[in-house]
Amino acid sequence: MRLIRFLVALLLTTLLVWQLQTPQQLGDKTLPALGSFFNPFSGFWQNAEPVNPASNLSQSLHIPGLKKPVEVVYDDLLVPHIFAENLEDALMAQGYITAQNRLWQMDISTRQASGRLSEILGPRTLNLDRLTRRRGLPFAAENDWKAWQQDPETARRMNAYAAGVNAWIDQLSPATYPLEFKLLGYAPEPWTPLKSALVIESMIDALNSRNNDLASTNSLAAFGRDTFDYLYPLWNPKQQPIVPDTGQWKGMQPVFQQADPAQNLSLHSGKNIPERTLPTGMQNLNGSNNWAVSGNRTQSGFPILANDTHLPLRLPHTWFQQQIHTPELNCYGVVVPGAVGIAIGFNADIAWGFTNVSQEVSDWYRIDWTDAGRTAYRVDDQVKQAALRVETIRVKGQADVLDTVRYTMWGPVVYDDPAEPLFDCAYRYSTHDEPAPESLAQFLDIAGGKNYADYRRAIPGLDCLSQNVAFASHSGDIAITVQGKLPVRAREQGRFILDGSKSANAWQGFIPNEQLPAMKNPSRGFVYSANQHSTPPSYPYFYFGNFDDSRGRRIFERLSAMQQITPDSMKNLQLDNFNYLSADALQVFLKLVDRGKLDAAEQKLLAELEKWDDRYEKNAIAPSLFEMWFDSVYTLTWDEMDQLRQAKTDVLYPETWRFTEILNSDPGSIFFDRLETPQRETAQDIVTEGFQQMARQAQQMDEAELVWSTFKGFAIKHLTQIDAFSRLDVVTSGTRNAPNAIGKNHGPSFRMVVSMTSPVQAWGVYPGGQSGNPGSRYYDNMVDTWAAGDYYELLFLDQPAAVPANRELARQRLLPQ
């Protein structure tokens, strides 16, 4: 009996140990191995930071490959100020320190960009991994590194950074892995320059991949040319472009081959279509604001530059702050963890900031296949063989998946399901091209720039990341350049799916750098961008994209009226909550609504809107009422598009500004007639019915639910979507079409204001923290400051001893091994 009890106990113990050491499935979620996760010696307990983190940082560490000692001063925000005797050592230290704070974020971002999430998350991410690879992101990163390693300077910098990251990884043990590695049950792997290229490609794709070719083609086929032009004009006459026409393009004569825009204009339907293609103005665009004002408009007499980049907001935060100091340069700024150097920032002489150009840099080409297996295709009656790239996708818990991707002269064939509307199309995407070998080092040299000439020399290195680069210098210059690898197109080329059997439909190269839109020291005293059109239609090169129609107008209006500008003036403009799109639409709505059909309760709501100043303040009710009203009117109007989508046909919806314009100028348009009713509706009918729908919805909500901050909702989620690691309690003003462009989980990811005085002064904040560890006080310590509209002074040091005592957190010495 004793032996039986012993064997039963042994069996139960074995089963318990097995269960504790094995990840468990809970619904569609996989829990970590609880034994490992709760192990007091190596589990999550080890990720708790001490009350005083200086005890972990204030030490000397030996780093393999370091040439000279590096001193790092951490300020009270955990920002590292790196003092090195040469650039390679500085970048090695940057890699080490970034990994020290953000290693898991670096790892997961490269896994996403390379289509390797299924290795750690299992089959639920298999389709995402396949799509990532089929769209060619790993292919693009491989081409980047293939080119960059041909330039000795670029290769040295990339390898130095990777060596620093690996020095941190090599000293880790399972007990000291970042928390998310323990949760997901895997270990860090060595860093390579290719991984840094993947980080860069991930950002390029987030900013530059928007494409409406399918929806545009279907809309043209469904409505015809005249109606298409009526609904979807390319130019909003109310906006101010980034670079106005001052006669600078006179005599510029681009030469085109004429592409045929009227190709493949039948409806392309399928079982899988994208989510409703919302118009610009109703989307959270990965855009931004930047501007620079001349010293003759500022109180100090020196230029001021401001930049706030609008991106999805998440934890760990998108950006990592640092200062890099060597004998050749001294620069402060932010960069995406895993990328080398400084992306946005300033030094004692110059400052620069980005917004997205928003022009389309990708096209779809319908392929004329010669065989059912899609192994060869015709171009100009010549047969070309498709190159086959076999992708091996490792999947946790099951066998590897092999996926063959066909590459044509245009690019990869993304879809292999005949039910997909783009099944027979190839994807031409500028980021697939090899960059110039020196391009990355060329751009990174902006960190040591002294003047306008250095700025102009550096920015062509951006290559495929198309950005509006604002500039200001201590010497007094301000400038802006629409920089990037922008295709030379014939009129209308690329707006619709193109015929891939004709080589004449290829891009005719890229706009030369000297002909890209740019402006220096304009008489008005400022330059600015907010993702609006790069130029007016008089610019000789054709382009199209998704452009802002509100923020730019507001920024132009306010900058034009300012004098004696101070850094506080710039901060206030970044926090401006006025929305021009709602101001325009509300004026038209109030003119059209039939007040005689409204009851007393509805009249009260109307009065609330009539006194509204079009500012999206967190405690206001009117913004919520207007958004519900607008959504109702918009949905009631465009039932034709909804009907097409129900038939699995992706179509465009008119932009917000154009919708408002049609309401105002063509209230009898056939589009206001509802398909489901026998009578003919007008704009007045639709606006009135939309108001009544809004009123019914509002009357079912209490006042607290109607307050804008509650109605809008806002959350900064952890990358794993774990609520305990997220910030769900943040209250904000703002809206996507105001300068303070805050959506539900999207908004200003780094606000920066730089005054080019001597010494230079700068202020900044982002909604996160320097640490990627949810157990650290520096994980989200800047969120509340950001939400309150406050800023931190950014410490720009010329030597380690210069840090104020009340802002010094710790010092760290990195030594050669």
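Trainee: In which sense do E19 and strand E20 pair, and over how many bridges?

Mentor: Strands are DSSP runs of at least two residues (helices, H or I, of at least four), numbered from the N terminus. Two strands pair if DSSP finds at least two bridges between them. Here E19 and E20 (residues 478–483) are antiparallel, with six bridges. Asn-468, for instance, has Val-482 in E20 as its bridge partner. This is a predicted model, where local features need pLDDT of at least 70 and side-chain atom pairs count only at pLDDT 80 or more, while totals for chains, interfaces and linings use all residues. Residues are numbered from 1 along each chain as its sequence is written, and side-chain values use heavy atoms, leaving out hydrogens and water.

Trainee: What should I look for in the hairpin of E19 and E20?

Mentor: Four residues sit between the two strands, and Gly-476 takes a positive phi near 115 degrees.

Trainee: Which strand does E19 join through seven bridges?

Mentor: That is strand E12 (residues 350–356), which runs antiparallel to E19. Within this pairing, Gly-353 has Ala-470 of E19 as its bridge partner.

Trainee: How do I read the two faces of a strand?

Mentor: In a regular strand, side chains alternate between the two faces of the sheet. Buried means under 20% relative accessible area, exposed over 50%, and partly exposed in between (1.4 Å probe, protein chains only). In E19 (residues 467–473), seven of seven residues are buried. One side holds Gln-467, Val-469, Phe-471 and Ser-473, the other Asn-468, Ala-470 and Ala-472.

Trainee: Which residues touch the most other members of the largest nonpolar core?

Mentor: A nonpolar core is a set of buried Ala, Val, Leu, Ile, Met, Phe, Trp, Tyr and Cys residues joined through side-chain atoms within 4.5 Å. The largest one has 159 residues, and Trp-291, Trp-319, Phe-346, Trp-352, Leu-559, Met-570 and Leu-814 touch the most other members. Helix H4 (residues 87–114) gives the largest share of this core, twelve residues. Apart from it lies another core of 50 residues, including Phe-659 and Trp-708.

Trainee: Is Arg-727 buried or exposed?

Mentor: Arg-727 is buried, at a relative accessible area of 11%. You can find Arg-727 in the loop between strand E24 (717–718) and strand E25 (746–755).

Trainee: Which side chains make a polar contact with the side chain of Arg-727?

Mentor: A polar contact is a pair of N or O atoms within 3.5 Å; within protein, one must be able to donate a hydrogen and the other to accept it, and residues adjacent in sequence count only if both atoms are side-chain atoms. The side chain of Arg-727 makes such contacts with those of Asp-780 (3.3 Å) and Asp-784 (2.8 Å).
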